[in-house]
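Here is a short briefing on helix packing and pocket lining. Take a look at the model before reading on.

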Amino acid sequence: MFQLGSAPGKGFWARHRWKMLLSLGVAGAGYAAYRFYDAHQKQLVRVEQRAEEERAADEIIKNQLEAHFEKVQRISDTTTLPFAMHYLRSRVMEELDISHLTERLLQGKGELTPEDKYETWEKIKILSFTRTVSSMWAMTLLSLYVRVQVTILGRHLYLDFARGTDGAQLQAESDTFSGNGHKDFLGTADYLATYGITALIRQMQHAATEILKEKQLKDPMSMDQVSQTMLQISEQFMSLCEGNSWINFLVPENANRYAQLMAVSSSGFDDSSLLMDVGKLDQLMTETRIVLASDDFRNIMDMSLRKVADLVIEDLRAQVGAALPPSGLPLAKLLARVAQLSSMLLEEPSKNKHIQTIRSMPEVGLFYTFLYANMPPQT
C-alpha cells in the first residue's frame, strides 16, 4: 500500500519555518527600530527647538540685564558721583573757610597783639591741613563707595536673573529705575555731604591738632614731610574712630531713619506718604556696610589714600617750583598752598585726576572683581 506523503506546502513550511520566523522577526525588529529611531529623531528636534527657544529667551533677558546694569553704571558715573562731589566741595569750602582768618591778619596789622597773631596763625595751620586731608579722605572714600554701590547692584541683578527673574519685570524696572530700591540706594551717595561731613571735619580737626601741635610755623618742611604729615593726620583720624564708626560718615546706620530724613528734606515736614520702601534699601545698605568693614576694603582704602597723597604732593611741588630750597620752606609759607590743594581734590569726576588714578589702580580693579564674584553673606 502506498503511504500518503505530506502536503507540499506543509512540508515546505516545516522545512523553512524557523527561517521564515527569523526573517519575519528581523523585519519586525527593523521596522520597530526604524519607528523608534524616527520617534527619537523627532524628539531630538523638539528638544533642540525648545533649547533654541530657551537660548533666545535667555539672550533677551541677558541683554535686558546688561542694559539695566549699564544704566545703573551710567547714572552713577554721570549723575550720582558728580552731584555728590559738587555738593561735597561746597560743604567743605563752607565748613572750612579760612578767608576770614587771613583777612584778620591783613587788616589787623599793627592792631593785633603778638598773642592774637600767634593764635590766628595756629588756627590757619590747623584748618589748612584739616581742609586738605578732609578733602583727600572724603573724595577717596566717596569714589570707592560709589563703585561699591554699583558692584553690589550689579551682583543683585545677576542673582535676580539666575533665579529666573521675569524679563518683562526687569525691563519695567529698567524703564522706571525705581524697582528694588536701586535709585534710593544710589541716592545714599549724598549722605556724606548732607549729613556726615560736619562730624567728619570735627574729627579730622581733632586729629590735625594732635599731629601738628609739635610743628612750629617757622620750622622748614620738605615735600616729603608735608606728605608724611597728611598721612599721619589721616591715620590719627582713623584711630579716633572706635571700631569702624567712620563708616557712619558714609552710610546711614538705619534705613528707616534715612527714609524719614529724605521725606523731611523733600517736603519740609515729616510726611509719611513720601517714605520709600525700605525693605530692599535696608538689605543693600547692610551689605554695603559689611563690605566697607572688611579688611580687603581697608587695604584698598589705605593704598588709595597713599596714592592720592603722592599726587597731592606733586601738585604742591609744582606750585612751589624753584622757590623750594633743599631744606624746605617754613611751614607758615606753605599753609596757603596746602589749603588750595582742596580745590583740585574735589574737582568734578570727569576732570579729577585723583579719581581717575584710583580707578586705574590694578588692586582696586581686582577688589571689585572679587567683590562681584564673592558678595558677602546677607545678614
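H7 and helix H11 (residues 295-320) pack at an angle of about 145°, and their axes lie 10 Å apart. This is a predicted model.

**H7 with H11**
- The crossing in which H7 passes H11 is right-handed.
- On the H7 side, the contact is made by Met-223, Asp-224, Val-226, Ser-227, Met-230, Leu-231, Ser-234, Glu-235 and Met-238.
- On the H11 side, the partners are Arg-298, Met-301, Leu-305, Arg-306, Ala-309, Val-312, Ile-313, Leu-316 and Arg-317.
- By class, the contact of H7 with H11 has eleven nonpolar, five charged and two polar residues.

**H6 with H7**
- Helix H6 (residues 191-212) packs on helix H7 (residues 223-240) at about 125°, with 8 Å between the axes.
- That angle makes H6 oblique to H7.
- H6 and H7 cross in a right-handed sense.
- H6 contributes Leu-200, Gln-203, Met-204, His-206, Ala-207, Ala-208, Glu-210, Ile-211 and Leu-212.
- These H6 residues meet Thr-229, Gln-232, Ile-233, Gln-236, Phe-237 and Leu-240 in H7.
- The contact of H6 with H7 counts nine nonpolar, five polar and one charged residues.

**H11 with H12**
- The axes of H11 and H12 come within 10 Å and cross at roughly 125°.
- H11 and H12 are therefore oblique to each other.
- Their crossing is right-handed.
- From H11, the contact takes in Val-308, Val-312, Asp-315, Leu-316, Gln-319 and Val-320.
- From H12, it takes in Leu-334, Arg-337, Val-338, Gln-340, Leu-341, Met-344 and Leu-345.
- The residues of this contact divide into nine nonpolar, two polar and two charged.

**Largest pocket**
- The largest pocket holds about 320 Å³ of space.
- Its lining has 16 residues, and Thr-102, Leu-105, Trp-121, Ile-124 and Ala-336 lie nearest the centre.
- Helix H2 (99-107), helix H3 (114-162) and helix H12 (331-345) are the elements that give two or more residues to this lining.
- H12 gives the most, with six residues.
- By class, the lining of the largest pocket has nine nonpolar, four charged and three polar residues.

Key
Residues are numbered from 1 along each chain as its sequence is written. This is a predicted model: local features need pLDDT of at least 70, side-chain atom pairs count only at pLDDT 80 or more; totals for chains, interfaces and linings use all residues. Side-chain values use heavy atoms; hydrogens and water are left out. Axes are lines fitted to C-alpha atoms, for helices over the stretch in contact, and angles run from 0 to 180 degrees between N-to-C directions. Helices (H or I, at least four residues) and strands (E, at least two) are DSSP runs, numbered from the N terminus. Angles under 35 degrees count as roughly parallel, over 145 as roughly antiparallel, 65 to 115 as roughly perpendicular and the rest as oblique. A crossing is left-handed if the near helix is turned anticlockwise from the far one by less than a right angle, and right-handed if clockwise. Contact means heavy atoms within 4.5 Å. Ala, Val, Leu, Ile, Met, Phe, Trp, Tyr, Cys and Pro count as nonpolar, Asp, Glu, Lys and Arg as charged, and the others, Gly among them, as polar. On a 1 Å grid over the protein atoms alone, a cavity is a set of points where a 1.4 Å probe fits but cannot get out, and a pocket is an open set with protein on both sides within 12 Å along at least five of seven lines; lining residues have an atom within 4 Å of a point. Grid points are joined across faces, edges and corners, and a volume is the space filled by probe spheres set on the points.
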